[in-house]
Amino acid sequence: MEKEDALRALAALGQETRLDVFRLLVKAGKEGMAAGAISDALSVRPNTLSTHLSALSRSGLVHAERDGRSIHYRADLSAMGALTTYLLQDCCGGNPEMCAPIMTMLGNSVSVEKDRC
């Protein structure tokens with residue numbers, strides 16, 4: 001992940017409604033959710049939700065797929081993994097033991113390089 005991609009993703013998640021949408025889509029899993037269902041679940045007006053979904057889509061954290069007359073949205077967990085890896089790739093100042101709790105929580109999905117966490 002490049003710095004600009006990380007900034008875009010963090011900016012997208014740095015707004016309350018977009019963070020709520022992303023977390024809801026994570027809970028929904030691979031099935032995702034239709035825009036109307038997201039709107040209902042979060043009590044967000046459809047036109048407002050559309051703006052937030054567009055920002056999340058541009059960031060790469062959410063993907064949309066047309067299903068007949070509706071659009072289903074899904075969280076892209078690989079994009080979130082890439083963001084997490086980007087944020088943690090140089091963590092701990094060469095002290096991997098400091099990163100152990102984070103690594104355990106992430107299930108060791110963050111790559112470990114020599115002299116890096």
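This is a predicted model: local features need pLDDT of at least 70, side-chain atom pairs count only at pLDDT 80 or more; totals for chains, interfaces and linings use all residues.
Residues are numbered from 1 along each chain as its sequence is written, and side-chain values use heavy atoms, with hydrogens and water left out.

The axes of α1 (residues 3-13) and α4 (residues 46-59) come within 8 Å and cross at roughly 155°, the axes being lines fitted to C-alpha atoms, for helices over the stretch in contact, with angles from 0 to 180 degrees between N-to-C directions. The two helices are therefore roughly antiparallel to each other, on a scale where angles under 35 degrees count as roughly parallel, over 145 as roughly antiparallel, 65 to 115 as roughly perpendicular and the rest as oblique. Arg8, Ala9, Ala12 and Leu13 in α1 meet Ala55, Leu56, Arg58 and Ser59 in α4, where contact means heavy atoms within 4.5 Å. By class, this contact has 5 nonpolar, 1 polar and 2 charged residues; Ala, Val, Leu, Ile, Met, Phe, Trp, Tyr, Cys and Pro count as nonpolar, Asp, Glu, Lys and Arg as charged, and the others, Gly among them, as polar.

## Helices α2 and α4

Helix α4 also meets α2, and here the axes come within 10 Å and cross at roughly 70°, so that α2 and α4 are roughly perpendicular to each other. From α2, Thr17, Arg18, Val21 and Phe22 meet Leu49, His52, Leu53, Ala55 and Leu56 in α4. The classes represented in this contact are 6 nonpolar, 2 polar and 1 charged residues.

## Fold and nonpolar core

The protein chain has 6 helices and 3 strands, which are DSSP runs numbered from the N terminus (helices H or I, at least four residues; strands E, at least two). Along the sequence they follow the pattern α-α-β-α-α-β-β-α-α. Of the 117 residues, 33% are buried, meaning under 20% relative accessible area, with exposed over 50% and partly exposed in between (1.4 Å probe, protein chains only).

The largest nonpolar core has 20 residues, and those with the most contacts inside it are Val21, Leu25 and Ile38; such a core is a set of buried Ala, Val, Leu, Ile, Met, Phe, Trp, Tyr and Cys residues joined through side-chain atoms within 4.5 Å. At least two residues of this core are supplied by each of α1, α2 (16-28), α4, β3 (70-75) and α5 (77-88). Leaving aside residues up to four places away in sequence, Ile38 touches Val21, Leu24, Leu25, Met33, Leu49, Leu53 and Tyr73.

## Individual residues

Ala41 lies in helix α3 and is partly exposed, with a relative accessible area of 48%. Its contacts, not counting residues up to four places away in sequence, are with Leu24 and Met33. Lys3, in helix α1, counts as exposed at 55% relative accessibility; Lys3 and Leu83 are 80 residues apart in sequence and 9.6 Å apart in space, C-alpha to C-alpha.

Ser43 is placed in the loop between α3 (35-42) and α4, and at 69% relative accessibility it counts as exposed. Although not a glycine, Ser43 has a positive phi of about 55°. Most residues other than glycine have a negative phi.
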